[in-house]
Amino acid sequence: MGNVLVTYFSASGSTRKVATKLSEAIGATLLEIKPAQKYTGRDLNWNDKHSRSTLEMNDRASRPAMAENIDVANYNTIFIGFPIWWYTAPRIINTFLESGDFSGKKIILFATSGGSGLGDTAADLKVSAPNAEFISGKIFRSTVSVDELKAWAKIYE
């Protein structure tokens, strides 16, 4: 796989657990996509049409700021993890993809979800890094084992 990065955004901690296990399973660098403004429980209330997450997801042009940029130059393969929001990736993932040069890089998506799948997430994100190769990946529960993640990641070598 070459130099591998596991990067993730986690609002509640579930995606962090999976990303940490994945980086351990494949011996990859682990970096968090941190929002400049942390999400509160109120921000994440998807039942509130005025909550921050709802407003961001209803605006396809929304690009929440990151606390710091992540340099992807030295990585060939990048696993990107996130929770599924409104059947796709949170907009901060677009911010991340638009913050660097992903040309020629292999991007493998993984997510956590309470019930929905990845759907068209890869296509939704490709607009933010059109010169990268996107692989849709898989949804995981936070209880997934390191061995299961190692076996899954092996198919992308």
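Reply: We will go through the sheet, then a helix, then the cores. Keep in mind that this is a predicted model.

Me: In what order do the strands of the sheet stand, and how are they paired?

Reply: Read a sheet from one side to the other. Here 5 strands form an open sheet, and the order is β2-β1-β3-β4-β5. The pairing is parallel.

Me: How many bridges join β4 to β5?

Reply: There are 6 bridges between these parallel strands.

Me: Now the helices. Which strands does α1 lie across?

Reply: Helix α1, residues 14-26, lies across β1 (4-8), β2, β3, β4 and β5. Its direction is at about 170 degrees to β1. Helix α5, residues 146-154, lies across β3, β4 and β5, at about 155 degrees to β5.

Me: How far does α1 reach from its first C-alpha to its last?

Reply: It reaches 19 Å with 13 residues, close to the 18 Å expected at 1.5 Å a residue. Gly 27 follows α1, and its phi is positive, near 65 degrees.

Me: Which residues of α1 are buried?

Reply: They are Thr 15, Val 18, Ala 19, Leu 22, Ser 23 and Ala 25. Seen down the axis of α1, they fall within an arc of 160 degrees, so they line one face of the helix. Their cover includes β1, β2, β3, β4, β5 and α5.

Me: What should I know about cores?

Reply: In soluble globular proteins, nonpolar side chains tend to be buried together. In this model, the largest nonpolar core has 29 residues. Ile 80, Phe 82, Ile 93 and Leu 97 have the most contacts inside it.

Me: Which elements give two or more residues to this core?

Reply: They are β3 (77-83), α3 (91-98), β4 (106-112) and α4 (121-126). The largest share, 4 residues, comes from α3. A second, separate core has 18 residues, including Val 4, Leu 22, Phe 79 and Phe 110.

Me: What is Ile 80 in contact with, leaving aside its neighbours within four places in sequence?

Reply: Its contacts include Thr 7, Ile 33, Ile 93, Phe 96 and Leu 97. Ile 107, Ile 108, Leu 109 and Phe 110 are also in contact with Ile 80.

Key:
Residues numbered from 1 in each chain as written. Predicted model: local features only at pLDDT ≥ 70, side-chain atom pairs only at ≥ 80, totals over all residues. Heavy atoms only, no water. Core = buried A, V, L, I, M, F, W, Y, C linked by side-chain atoms within 4.5 Å. Buried < 20%, exposed > 50% of the residue type's maximum accessible area, 1.4 Å probe, protein only. Contact = heavy atoms within 4.5 Å. Pairing = 2+ DSSP bridges. Axes fitted to C-alpha atoms, helices over the stretch in contact; angles between N-to-C directions. Expected span 1.5 Å × (residues − 1). Arc of directions from axis to C-beta.
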